[in-house]
Amino acid sequence: MQLKRAAAFLVALLPAAAGAGVLPEDRADLMWHYYDGGGVTIDGPSLLVRKKFAEKYAVSASYYMDMVSSASIDVVTTASPYTEERTQYGVGFEYLRGKVTYAASFSNSRENDYEANTASFSIAQDMFGDLTTVALLFSLGKDDVTRRGDPVFADEIDRRIYGVDVTQVATRSLVLGFSYEAIAEEGFLNNPYRQVRFVDPDAALGYSYEFERYPRTRTGNAFALRARWYLPYRAALQGDYRFYNDTWDIRSHTAEVSYTHPLDQRLTLDVHYRYYTQDAAEFYSDLFPRANFQNFLARDKELASLTSHTLGFGLAWEFRAPKMGFFDRTTLNLKYDRIEFEYGDFRDLRATGVAPGTEPLYAFGANVVRLFVSGWF
Amino acid sequence: MRRRTLAVLALLAGAAGCSGIEPWVKPYERENLADPIMAWDPDPVSSSYMRHVYEAREGARGGGGAAGGGCGCN
């Protein structure tokens with residue numbers, strides 16, 4: 001469940017992809033992804049294929065699957081470990097006319113208790129001697145939320161995203177990017193399984209649980225800046241920064257730096273570091289003073305104050321695929337990231353024998369692996 | 001007063017449009033920028049997955065920009 005809204009959200013952003021002037025290359029990617037952290041293991045396949053026609057039209061299709069096995073901190077303290085699957089299909093279409101690219105895409109993501117449908121549109125234009133590309137994006141999403149074991153509960157989420165993206169060639173070796181997105185959501189925005197805890201002197205542990213209650217609207221703004229610099233010895237350095245805030249009082253900063261270095265003609269190395277920090281939502285608390293303490297209640301650790309550090313690397317190896325002559329070029333890629341999450345006000349309730357509210361703060365590390373083959377045809 | 005300011009701004013914008021902007025990086029000077037290692041997002045299937053990983057575990061979202069190139073649907 002915790003993964004699905006993010007998934008529904010993500011697909012909405014993808015048509016943004018349309019860069020103006022030239023359509024993406026004909027390409028197929030087959031990936032196996034793996035995540036292991038905080039008692040949660042997720043893996044599965046992913047496939048993405050893109051094909052151009054007459055240098056004016058391009059179509060794309062994607063398939064993605066998550067196989068989740070969860071015994072996360074929330075699950076072990078308030079529920080039972082579970083397994084589930086999520087499947088997502090997507091199709092996209094792009095049309096290039098002069099210096100303008102029009103793009104539309106649709107995706108469907110499905111689980112046994114959640115379904116998300118998203119349609120997205122974008123228009124991108126090259127201007128000022130093709131040094132500047134401006135793209136406008138719009139995305140419309142509708143999610144259906146249900147709860148396992150509760151045939152009565154059913155609710156919805158409506159989501160709209162408006163975005164603008166500008167890419168600017170600054171010098172012969174430097175490209176800059178700026179983007180802004182406004183995200184408006186309305187509906188059942190909390191996780192129907194998650195609970196908050198409150199002080200209860202009558203309970204054995206000193207606290208009890210009640211279900212979360214979130215506002216039914218949320219509007220967020222994301223501003224991002226990025227720069228990619230070509231280094232004289234044929235390598236690339238990139239810096240990214242993002243500021244985010246929303247009507248739930250979450251403010252966050254994300255900074256990332258990455259370096260790409262060809263080791264030889266066939267092997268390319270990529271290393272990167274990412275830092276993320278956020279404030280807690282206004283209605284978040286690790287421990288409320290009593291039941292029904294306020295209108296809105298959250299103890300979802302994604303809404304807590306948190307910091308994460310990611311260190312990762314990637315290797316791409318270009319090889320000649322036997323018996324696959326229809327590919328002009330093929331690469332085998334391995335990417336690994338280590339992420340450390342540290343929470344500022346979310347406590348580890350597995351600790352016992354301490355007064356409620358004095359448990360140690362929760363932290364966990366995650367390993368993320370992507371192994372994929374890419375072919376250009 | 002405000003209307004006059006707007007009119008002046010509109011005239012300036014129009015004049016800028018007529019004169020055109022001379023591209024300071026010519027098409028034949030874009031060899032470095034065209035190198036595949038300068039792609040914002042060389043592997044959309046992987047980067048869209050990582051955005052999904054972060055958005056499921058962090059409160060912020062969006063701002064991924066137009067870097068993708070096509071549908072990196074995840």
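## The loop between β13 and β14 of chain A

A:Asp249 lies in the loop between β13 and β14 of chain A; strands here are DSSP runs of E of at least two residues, helices are runs of H or I of at least four, and both are numbered from the N terminus. The model is predicted, so local features need pLDDT of at least 70 and side-chain atom pairs count only at pLDDT 80 or more, while totals for chains, interfaces and linings use all residues. Residues are numbered from 1 along each chain as its sequence is written, and chains are lettered from A and ligands numbered from 1 in the order in which they are written.

A:Asp249 is not a glycine, yet has a positive phi of about 70 degrees. A:Asp249 counts as partly exposed because it has 13 C-beta neighbours inside 10 Å. By the cut-offs used, 20 or more other C-beta atoms within 10 Å of a residue's own make it buried, 12 or fewer make it exposed, and counts in between make it partly exposed, with C-beta atoms placed from the backbone.

Strands β13 (residues 235–246) and β14 (residues 251–262) of chain A are antiparallel and share 10 bridges; two strands pair if DSSP finds at least two bridges between them. A:Ala236 has A:Thr260 in β14(A) as its bridge partner. Four residues separate the strands of this hairpin, which contains A:Asp249.

On to the next strand: β14(A) also pairs in the antiparallel sense with β15 (residues 267–278) of chain A, over 11 bridges. These two strands form a hairpin with four residues between them. Within the pair, A:Val257 stands opposite A:Tyr273 in β15(A).

A further positive phi, about 50 degrees, is found at A:Asn292, which is not a glycine. This residue is in the loop between β15 and β16 (306–319) of chain A. A:Asn292 counts as exposed because it has 10 C-beta neighbours inside 10 Å.

In strand β5 (residues 100–111) of chain A the side chains alternate. A:Thr101, A:Ala103, A:Ser105, A:Ser107, A:Ser109 and A:Glu111 point to one face and are buried.

β5(A) pairs with strand β4 (residues 82–97) of chain A in the antiparallel sense over 11 bridges, and A:Thr87 stands opposite A:Arg110. The hairpin of β4(A) and β5(A) has two residues between the strands, and A:Gly98 in its turn has a positive phi of about 65 degrees. β5(A) is also antiparallel to strand β6 (residues 114–127) of chain A, with 12 bridges joining them. There A:Val100 has A:Gln125 as its bridge partner, and two residues lie between the strands of the hairpin.

## Nonpolar cores

The largest nonpolar core has 36 residues; such a core is a set of buried Ala, Val, Leu, Ile, Met, Phe, Trp, Tyr and Cys residues joined through C-beta atoms within 7 Å. Among the residues with the most contacts inside this core are A:Ala281, A:Tyr284, A:Ala298 and B:Val53. Elements that each supply at least two of its residues include β1 (27–37), β12 (217–231) and β17 (329–347) of chain A, and α3 (44–57) of chain B. The largest share, five residues, comes from α3(B).

A:Ala298 touches A:Val196, A:Glu212, A:Tyr214, A:Ala281, A:Phe283, A:Tyr284 and A:Leu303, not counting residues up to four places away in sequence; contact requires C-beta atoms, placed from the backbone, within 7 Å. A second, separate core of five residues includes A:Ala124, A:Ala135, A:Leu137 and A:Ile161.

## Chain B

Chain B has three helices and zero strands. Of its 74 residues, 43% count as buried. In α3(B), 12 of the 14 residues are buried, including B:Tyr49, B:Met50 and B:Val53. The end C-alpha atoms of α3(B) are 20 Å apart, which agrees with the 20 Å that its 14 residues should span at 1.5 Å a residue; the expected span is 1.5 Å times one less than the number of residues.

## A:Leu332

A:Leu332 lies in strand β17 of chain A and touches A:Trp317, A:Phe319 and A:Val373, leaving aside residues up to four places away in sequence. It is partly exposed, with 14 other C-beta atoms within 10 Å.

## Confidence

Chain A has a mean pLDDT of 91, with 95% of its residues at 70 or more; pLDDT is the predictor's confidence in each residue, from 0 to 100. Over residues 7–18 of chain A the pLDDT is below 50, although this stretch has 70 contacts in the model beyond near neighbours in sequence. Where pLDDT is low, the predicted coordinates should not be read in detail.

Terms used: Contact = placed C-beta atoms within 7 Å.
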